[in-house]
Every structure is written in structure tokens, then in C-alpha cells.
Amino acid sequence: MVEVFPRLLPPLWVTIKVSFISLFLAFFLGLFLGTINSIFSKFNPINLISRTYVWLVLCTPIIIQIYAAYLLLPKVGIKLDVFWIGVIALTFNSTGYQTEISRASISSIAKGQYEAAKTLGMNIFTTMIFVILPQAIKRMLPATANEASHLIKASAVLSVIALLELHKAAINL
């Protein structure tokens with residue numbers, strides 16, 4: 001154990017970095033998309049695009065999304081390091097889940113909060129920023145912690161695109 005542990009530290013650091021960069025980006029993208037889903041009607045084109053994105057993410061395996069990022073990004077002229085391709089793939093995946101977490105959290109806020117803000121003269125965007133989102137973010141935290149756990153586990157799949165993270169390093173010992 002004393003011999004092996006130092007060799008696992010650099011891949012462990014890669015796993016932590018790729019997971020938490022992806023979680024950070026996905027949290028804010030998901031919050032934005034979840035807010036859009038809550039504000040606009042179901043038949044608005046923006047909402048339809050957002051819902052299609054969520055459906056696509058939730059209905060495809062993460063390994064397909066990783067391969068798609070790895071193989072398609074260079075085809076469109078985006079040449080990145082394997083680490084950043086992994087971040088993009090995990091962010092793409094996690095944003096779909098974070099969008100649903102955000103939408104559900106916003107939907108769980110009582111309608112009386114909207115009515116009270118409207119009574120005070122706030123428009124929908126001010127209401128969202130100062131009344132609804134602070135309450136919704138508190139409700140999002142447990143599910144976001146679960147998503148962080150999911151991302152750490154999903155980072156093991158990045159070994160298919162030759163990213164040396166903790167799982168691949170442990171297998172190669």
C-alpha cells in the first residue's frame with residue numbers, strides 16, 4: 001500500500017479536477033436551463049429546445065456522449081486535450097440532470113411566493129433572482145451532492161478516451 005498510494009495521487013487529482021469542474025459548469029448551465037423551463041410556456045421554442053436537450057441526455061448512455069465528444073469535436077475543428085474533452089462530455093451529461101434538478105426545485109416553491117412578489121411590483125425576472133432562486137438553490141443542494149457522486153463515478157468511463165484517471169491507474173498497477 002505504501003508503494004502504490006503515491007502512484008495513485010496524480011490520477012486521483014485528475015478525477016477530482018474533471019469531476020468538480022464539470023459539476024461547477026453543469027450547475028450553472030442547469031440552473032439557467034431549469035429557470036428557462038420554469039419561466040416560459042411549454043410551447044415556447046426555447047423551452048422545447050431545452051426539453052429536447054434534457055431528453056437526449058437522459059436517454060443516451062454516458063459512454064456514447066463521451067465517444068461523441070471525443071470523435072465529433074475534432075471533426076468540427078475543435079481540437080482539445082483529452083482532459084478538456086472529458087470535462088465537456090461530463091458537463092454535457094450533468095447539465096441535463098442539473099436542469100431537471102433546478103426545474104423541480106423551482107416548481108416546488110409555493111405559488112404564494114410568486115403572488116407576494118407580484119404584489120410588491122416585481123417582474124418575473126426580479127422575482128426569480130431575489131425570491132425564488134435563493135429558496136430553490138437550498139432545495140437543490142441534496143440532489144446536487146448526489147450528482148457530484150455520480151460524476152465522480154462517471155469519470156471512470158473517461159478511461160475509454162485514454163484519460164488516465166484514478167480507475168484506469170488502479171487497473172494498470
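Predicted model: local features only at pLDDT ≥ 70, side-chain atom pairs only at ≥ 80, totals over all residues.

Trainee: Which percentages describe burial and contacts for the protein as a whole?

Mentor: The protein has 173 residues, of which 39% count as buried. For contacts with a sequence separation of 6 or more, 78% are between residues 24 or more positions apart.

Trainee: How is the packing of two helices to be read, and what are the angle and the distance for H1 and H2?

Mentor: Two packed helices are described by the angle between their axes and the distance between the axes. Helix H1 (residues 5-39) packs on helix H2 (residues 45-59) at an angle of about 130 degrees, and their axes are 9 Å apart. H1 is therefore oblique to H2. The crossing of H1 and H2 is left-handed.

Trainee: Which residues of H1 and H2 meet?

Mentor: H1 contributes Leu33, Ile36 and Asn37, which meet Ile46, Asn47, Ser50, Arg51 and Tyr53 of H2. By class, the contact of H1 with H2 comprises four nonpolar residues, three polar and one charged.

Trainee: What angle and what axis distance describe H5 and H6?

Mentor: Helix H5 (residues 111-119) and helix H6 (residues 124-154) pack at about 140 degrees, and 10 Å separates their axes. This angle makes H5 oblique to H6, since only angles over 145 degrees count as roughly antiparallel. H5 and H6 cross in a right-handed sense. On the H5 side, Gln113, Tyr114 and Ala117 take part, meeting Ile124, Thr127, Met128, Val131, Ile132 and Gln135 in H6. The contact of H5 with H6 has six nonpolar and three polar residues, and no charged residues.

Trainee: Turning to charged side chains, how many salt bridges does a search of the whole structure find?

Mentor: The search of the whole structure finds one salt bridge. Its partners are Arg103 and Glu100, whose closest N and O atoms are 2.9 Å apart.

Trainee: Where do Arg103 and Glu100 lie relative to one another in the helix, and how is the accessibility of Arg103 to be classed?

Mentor: Both belong to helix H4 (residues 82-107); because Arg103 and Glu100 are three residues apart there, about one helical turn separates them. Arg103 is partly exposed, at a relative accessible area of 23%. Glu100 is also partly exposed, with a value of 26%.

Trainee: Let us finish with a single residue. Is Ala69 buried or exposed, and in which helix is its place?

Mentor: Ala69 lies in helix H3 (residues 62-75). Its relative accessibility is 10%, so Ala69 counts as buried, the cut-off for that class being under 20%.

Trainee: Which residues are in contact with Ala69 once its neighbours within four places in sequence are left aside?

Mentor: With those neighbours left aside, the contacts of Ala69 are Pro74, Ile85 and Ala89.

How values were computed. Residues numbered from 1 in each chain as written. Heavy atoms only, no water. Axes fitted to C-alpha atoms, helices over the stretch in contact; angles between N-to-C directions. Helix = DSSP H or I, 4+ residues; strand = E, 2+ residues; numbered from the N terminus. Parallel < 35°, antiparallel > 145°, perpendicular 65-115°, else oblique. Left-handed = near helix turned anticlockwise from the far one by under 90°. Contact = heavy atoms within 4.5 Å. Nonpolar A, V, L, I, M, F, W, Y, C, P; charged D, E, K, R; others polar. Salt bridge = Lys/Arg side-chain N within 4 Å of Asp/Glu carboxyl O. Buried < 20%, exposed > 50% of the residue type's maximum accessible area, 1.4 Å probe, protein only.
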